[in-house]
Amino acid sequence: MGWRTYLLAGAVLLSGCGGRQSTLDTHSPQTHDIAVLWWWMLGIASVVFFGAVGLLALAWLRRRTPGLPVVGENEGINRNLVLAFGIAIPIVVLVTLFLVANVTVLGATAAPRPGSTAMTIRVVGHQWFWEIRYPGTAAVTANEIHIPTRTRVNVVAATGDVIHSLWVPELNRKVDTVPGRANRILLYADKPGTYRGQCSEFCGLQHAHMALQVVAEAPVQYRAWLANMARPARAPATPQQTAGRATFLATTCSSCHAIRGTEARADVGPDLTHVATRATLASDTIPNTPAELLGWISDPQHVKPGAKMPGLSLTPAQFREIAAYLESLR
């Protein structure tokens, strides 16, 4: 193995550190507890590992000298050292870690108790996008969870098809979405920011591209966002947008998507009532720009092979009209 091989291996290892989805970049009390436990486990494991390597090195250096350094071949001391480092210390360390993990960390990251949260959000996993609803309001969105900062949020996670797993590493542990069952998890962000989440349970062809964003914002901004999400779609403002809405409603677009305030009420794909407000498209696969939106609706299988969204036999002008209409939905 040459130096290039070692350099490549080091680059691969470092590529998993930091980035947009780091388990050690904590932004809530729950992930702080998880990270602290992880660092302690890493420290203890490092002591054990390097201790074992040191003993192996010592054994190799003294392979022709009987007994341990200093104590020599004293059977009583040697036996006690084996009992201490081979049995007693590992038992104490493992029991301590077990108690800390179960009493402290699992308790902090467990499903919130009834009445201990300020609000509830319902998240439903689909192949391959996330549907988000805010009970008590008409607000529905996709692939973007908005929460107010410093607020305990009860997230009820369910699925519309197969098992998925909702995981936002910077805010809490993961929670599975199981058919016929609703699981709960606490989301809490201590400061404004955008935190990437991911489906962490293999769920089909586009599992790797089933991501979402959690947007934590000040309570005033959050309330303004929620009020806007609860409104029906705005009416087209230009002839191109009007033509785009007519084409959208006349094609299979309206058989899969809902746009509140229109005749489109399907729930196969994401709700598009305020699609232009989202930062990304196709479950955080591409940015939500006019060019990317046009490319997505024109040829979705090129962007996300295997996605449930079919291609349409429309003219380039019709695709541009639909794109212009969707860009107006803010």
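Start by selecting residues 219–230: this is helix α4, which lies across β4 and β10 and runs at about 135 degrees to β4. Bear in mind as you click around that the model is predicted.

β4 and β10 belong to an open sheet of five strands, in the order β4-β10-β9-β6-β7, with mixed pairing. Which strands stand at the edges? Select 144–148 and 175–177: these are β4 and β7, and each has a single partner strand, so one side of each is left without a neighbour in the sheet.

Select 193–199 and 211–217, which are β9 and β10; the two run antiparallel, and six bridges join them. To get your bearings, find Gln-198 and look across to β10, where Ala-211 stands opposite.

Go to Gln-127 and step to Trp-128: the peptide bond between them is cis, with omega near -5 degrees. Trp-128 sits in the loop between β1 (119–126) and β2 (129–133).

Then select Asn-143, in the loop between β3 (140–142) and β4. Its phi is near 60 degrees, a positive value in a residue other than glycine. Is Asn-143 buried or exposed? Its relative accessible area is 8%, and under 20% counts as buried, so Asn-143 is buried.

Follow β4 out to its other loop, the one between β4 and β5 (153–159), and you'll find Arg-150. Arg-150 isn't a glycine either, yet it has a positive phi of about 50 degrees. This one counts as exposed, at 59% relative accessibility.

Last stop: a pair of helices. Select 290–298 for α7 and 316–327 for α9; their axes come within 9 Å and cross at roughly 125 degrees. The two are therefore oblique to each other, and the crossing is right-handed. From α7 come Pro-290, Leu-293, Leu-294, Ile-297 and Ser-298, and they meet Phe-319, Arg-320, Ile-322, Ala-323, Leu-326 and Glu-327 in α9. Colour that contact by residue type and you get eight nonpolar, one polar and two charged.

Notes. Residues are numbered from 1 along each chain as its sequence is written. This is a predicted model: local features need pLDDT of at least 70, side-chain atom pairs count only at pLDDT 80 or more; totals for chains, interfaces and linings use all residues. Side-chain values use heavy atoms; hydrogens and water are left out. Axes are lines fitted to C-alpha atoms, for helices over the stretch in contact, and angles run from 0 to 180 degrees between N-to-C directions. Helices (H or I, at least four residues) and strands (E, at least two) are DSSP runs, numbered from the N terminus. Angles under 35 degrees count as roughly parallel, over 145 as roughly antiparallel, 65 to 115 as roughly perpendicular and the rest as oblique. A crossing is left-handed if the near helix is turned anticlockwise from the far one by less than a right angle, and right-handed if clockwise. Contact means heavy atoms within 4.5 Å. Ala, Val, Leu, Ile, Met, Phe, Trp, Tyr, Cys and Pro count as nonpolar, Asp, Glu, Lys and Arg as charged, and the others, Gly among them, as polar. Two strands pair if DSSP finds at least two bridges between them. Buried means under 20% relative accessible area, exposed over 50%, partly exposed in between (1.4 Å probe, protein chains only).
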